[in-house]
Amino acid sequence: MARCAPVKVLLSAIFWLYLALSLTVFWFAVVPVWLLTLPLDRRRRFSHWYAWTWANHYVALSPFWRIHVEHGERIDPRGTYVLVANHQSFGDIFVLYALRKQFKWVAKDSVFLVPFLGWMMWMADYVPIRRGSHRSRERMLQTCMDHLRRGSSILMFPEGTRSRDGELQQFRRGAFAMAIKAGVPVVPVVIDGTLHALPQGTWVFQQDGVLDIHVRVLPAIDPAGLDEAALM
């Protein structure tokens with residue numbers, strides 16, 4: 001196992017370097033198209049499609065991950081939802097793009113400051129939040145409600161941060177409060193396998209051999225008649 005460690009470090013370094021370089025290319029390529037489509041695409045659907053194309057090409061090129069999406073049809077492209085997923089790894093972001101569905105991420109505001117990556121998130125009209133700030137939380141909830149009213153789904157990690165051991169942590173109530181207020185279903189999404197690839201606290205991919213990652217979409221839950229605690 002110890003002899004494999006230098007190989008994992010090298011392969012991981014190559015991946016992150018490629019991600020940084022290719023993200024720069026992807027961003028410059030999309031800016032002119034984004035400016036042209038913006039007047040006709042107020043919901044920024046093109047930008048999100050471009051982001052999932054960007055993310056899925058990494059998975060397609062990788063010989064180390066296989067992503068299996070189960071029951072993706074439960075997310076109707078004509079519907080509006082609050083999607084909630086467990087959070088095991090930074091890799092969850094790439095994995096959830098494999099759903100190939102339209103939604104708006106809720107993410108830490110610091111990520112929006114990362115060159116090219118953050119700019120692409122801003123172009124797609126994703127929603128920032130600053131941890132520990134009540135004002136930021138209220139602004140996030142209002143922005144999400146605006147998206148839901150316009151027919152754009154929201155995707156959140158209700159645990160608020162990544163799990164270190166793969167076990168579910170206590171949920172925060174924001175996703176469930178907005179689903180009740182907007183009257184839209186909650187769709188739970190289960191991610192299994194990313195913890196074994198890129199756990200919290202390291203940039204080095206940990207798995208040996210090919211890793212099968214499963215994304216399972218559970219049936220939608222109608223919030224009618226439920227309070228936040230019951231829905232959680």
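**Exercise 1. The second largest pocket**

Task: In this predicted model, state how many residues line the second largest pocket and which of them lie nearest its centre.

Solution. Step 1: 20 residues line the second largest pocket, and Leu 11, Phe 15, Ser 62, Phe 64 and Phe 205 are the ones that lie nearest its centre.
Step 1: Two or more lining residues come from each of α1 (5-37) and α2.
Step 2: α1 contributes the most to this lining, with seven residues.
Step 3: Sorted by class, the lining holds 14 nonpolar, four polar and two charged residues.
Step 4: The space in the second largest pocket is about 500 Å³.

**Exercise 2. The largest pocket**

Task: Find which residues are closest to the centre of the largest pocket, and which element gives the largest share of its lining.

Solution. Step 1: The largest pocket holds about 910 Å³ of space.
Step 1: Its lining counts 38 residues, and Val 106, Ala 107, Lys 108, Arg 131 and Phe 157 are the closest to the centre.
Step 2: The elements giving two or more residues to this lining are α2, α3 (92-97), β3 (104-108), α4 (117-123), α5 and α6.
Step 3: β3 supplies the largest share, four residues.
Step 4: By class, 22 residues of the lining are nonpolar, nine are polar and seven are charged.

**Exercise 3. A residue of helix α2**

Task: Decide whether His 57 is buried or exposed, and list what His 57 touches beyond four places in sequence.

Solution. Step 1: His 57 belongs to helix α2, which spans residues 45-61.
Step 1: The relative accessible area of His 57 is 18%. The cut-off for buried is under 20%, so His 57 counts as buried.
Step 2: Leaving aside residues up to four places away in sequence, His 57 is in contact with Tyr 18, Ser 22 and Phe 26.

**Exercise 4. Helix α6 and its cover**

Task: Name the buried residues of helix α6 (residues 174-182) and say what covers them.

Solution. Step 1: Gly 174, Ala 175, Phe 176, Ala 177, Met 178 and Ala 179 are the buried residues of α6.
Step 1: Their cover includes the strands β2 (82-85), β5 (154-156) and β6 (186-192), together with the helices α5 (134-149) and α7 (228-231).
Step 2: Just after α6 comes Gly 183, with a positive phi of about 70°.
Step 3: α6 is also among the elements that give two or more residues to the lining of the largest pocket.

Methods: Residues numbered from 1 in each chain as written. Predicted model: local features only at pLDDT ≥ 70, side-chain atom pairs only at ≥ 80, totals over all residues. Heavy atoms only, no water. Buried < 20%, exposed > 50% of the residue type's maximum accessible area, 1.4 Å probe, protein only. Contact = heavy atoms within 4.5 Å. 1 Å grid on protein atoms, 1.4 Å probe; cavity = no way out; pocket = protein on both sides within 12 Å on 5 of 7 lines; lining within 4 Å. Points joined across faces, edges and corners; volume = space filled by probe spheres on them. Nonpolar A, V, L, I, M, F, W, Y, C, P; charged D, E, K, R; others polar.
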